[in-house]
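I wanted to look up a few spots in this structure and jot down what turned up. These are my notes, entry by entry.

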Amino acid sequence: MANKKVTIRDVAKEAGVSVATVSYVVNGRTDLKISDETRKRVLQVINLLNYSPNQAAKALASKRKNQVGFAISDTDSVLKAADQMNIMKAITKFLGDKNYDVFLIPPSRFENYGQADALICYDLDKTTFFTIGDCNFAPLLALDCYINDPLFFQINTNLGRLKDAAKKMFKGEKYQYVMLDTNNAEKKDFTKNTFEDVLFVSSPEDIKMLSSKNVLVSCEALLPFIPEKYNICFEPDTTKEKLELLYTAYEQATNRVPIENHNLCV
């Protein structure tokens, strides 16, 4: 339906309900008996189809609370936990300056976070991402995880930017890209296919597996554990430009703005 305007009938058909039911939901009618399951399904379809007539946009926008959920994966890795907190701190500061509140969604806790206007899912595998989506009708933003579904915004690091930084610093010499291990198989495969030499680490002990004097790092949490004897090129994953892109995606998703390109890299 990307090439034509989505109508209320399209939403009703996709959700398996009447046109009247869709109208009641988008207008926030509480005087009628509509089950939570039906209301949730209708709102999910509205999000997925980018249904945004004036009345629906106003009804949905009026309920925005300027609250953003931040979902992370469960981990036993000290490095991964440090990275998660670093990213959340950066996002909380950035969105806080724009008068948004960010709250942490505990790992592996799947429920309806109705107080959130949108959910930022950080470095999750596809199964976990879609499980959270099944429990919520708020828009989901995939941050640093490859979902490869045009219905959702993906905001990922442009690996070409990292390669250019390493090429410039190491002047064509071989190097090893050191990256935190991830459960997102698509992200891991894409990284391995982009760089000639990648070391995935989960603990400081894994740093001992470095096999090149030249090291490319994009995760700030790894920096303190790489010995000074290595030539280090640090090109951060999280930049101001990336946070701006995340915010733009958030605004477009919560306002139901139809966007053809949901795969964003910086």
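**Entry: the model**
I am working from a predicted model.

**Entry: Asp117**
I looked up Asp117 and found it in the loop between strand S2 (101-105) and strand S3 (118-122). Is Asp117 buried or exposed? Its relative accessible area is 8%, and the limit for buried is under 20%, so Asp117 counts as buried. Next I checked what its side chain meets. A polar atom of that side chain lies 2.5 Å from the backbone nitrogen of Asn66. The side chain of Asp117 also joins the side chain of Tyr250 through a polar contact of 3.4 Å.

**Entry: Asn214**
Asn214 is in strand S8, residues 214-217. I read a relative accessibility of 2% for Asn214, so I put it down as buried. Which residues does Asn214 touch, not counting residues up to four places away in sequence? I got Phe170, Glu173, Lys174, Tyr175, Gln176 and Asn231. I followed up on Glu173: its side chain makes a polar contact of 3.0 Å with the side chain of Asn214. Glu173 and Asn214 are 41 residues apart in sequence, while their C-alpha atoms are 8.0 Å apart in space.

**Entry: aromatic pairs**
How many aromatic pairs does the structure hold? I have 13 in my notes. I picked out Tyr100 and Tyr250: their ring centres are 5.2 Å apart and their planes are at 85°, so I call this pair edge-to-face.

I then looked at Tyr146 and Phe190. Their ring centres are 5.4 Å apart with the planes at 45°, so this pair is tilted. Tyr146 lies in the loop between strand S4 (140-143) and strand S5 (153-156), and Phe190 lies in helix H8 (residues 185-194), so the pair ties together parts 44 residues apart in sequence. Tyr146 is buried, with a relative accessible area of 12%, whereas Phe190 has 42% relative accessibility and counts as partly exposed.

I also noted one aromatic cluster, formed by Phe94, Tyr100, Tyr247 and Tyr250.

**Entry: charges over rings**
Where does Lys98 lie? I found Lys98 over the face of Tyr247, 4.6 Å from the ring centre. I logged Lys188 as well, with its charged end over the ring of Phe200 at 5.0 Å from the centre.

**Entry: nonpolar cores**
A reminder to myself: in soluble globular proteins, nonpolar side chains tend to be buried together. Here I found that the largest nonpolar core has 24 residues. Those with the most contacts inside this core are Phe70, Ile91, Leu95, Ile120, Leu141, Leu143 and Ile155. Strand S1 (67-71), H5, S3, S4, S5 and H9 each supply at least two residues of the core. H9 gives the most, with 6 residues.

I took a closer look at Leu141. Leaving aside neighbours within four places in sequence, Leu141 is in contact with several residues, including Ile120, Phe129, Ile155, Leu246 and Tyr250. Last, I noted a second, separate core of 15 residues, with Tyr113, Ala142, Ile147 and Phe152 among them.

Key
Residues numbered from 1 in each chain as written. Predicted model: local features only at pLDDT ≥ 70, side-chain atom pairs only at ≥ 80, totals over all residues. Heavy atoms only, no water. Helix = DSSP H or I, 4+ residues; strand = E, 2+ residues; numbered from the N terminus. Buried < 20%, exposed > 50% of the residue type's maximum accessible area, 1.4 Å probe, protein only. Polar contact = N/O pair within 3.5 Å; in protein donor to acceptor, adjacent residues only side chain to side chain. Contact = heavy atoms within 4.5 Å. Phe/Tyr/Trp six-rings, centres within 6.5 Å; stacked < 30°, edge-to-face > 60°. Lys NZ or Arg CZ within 6 Å of the ring centre and 35° of its normal. Core = buried A, V, L, I, M, F, W, Y, C linked by side-chain atoms within 4.5 Å.
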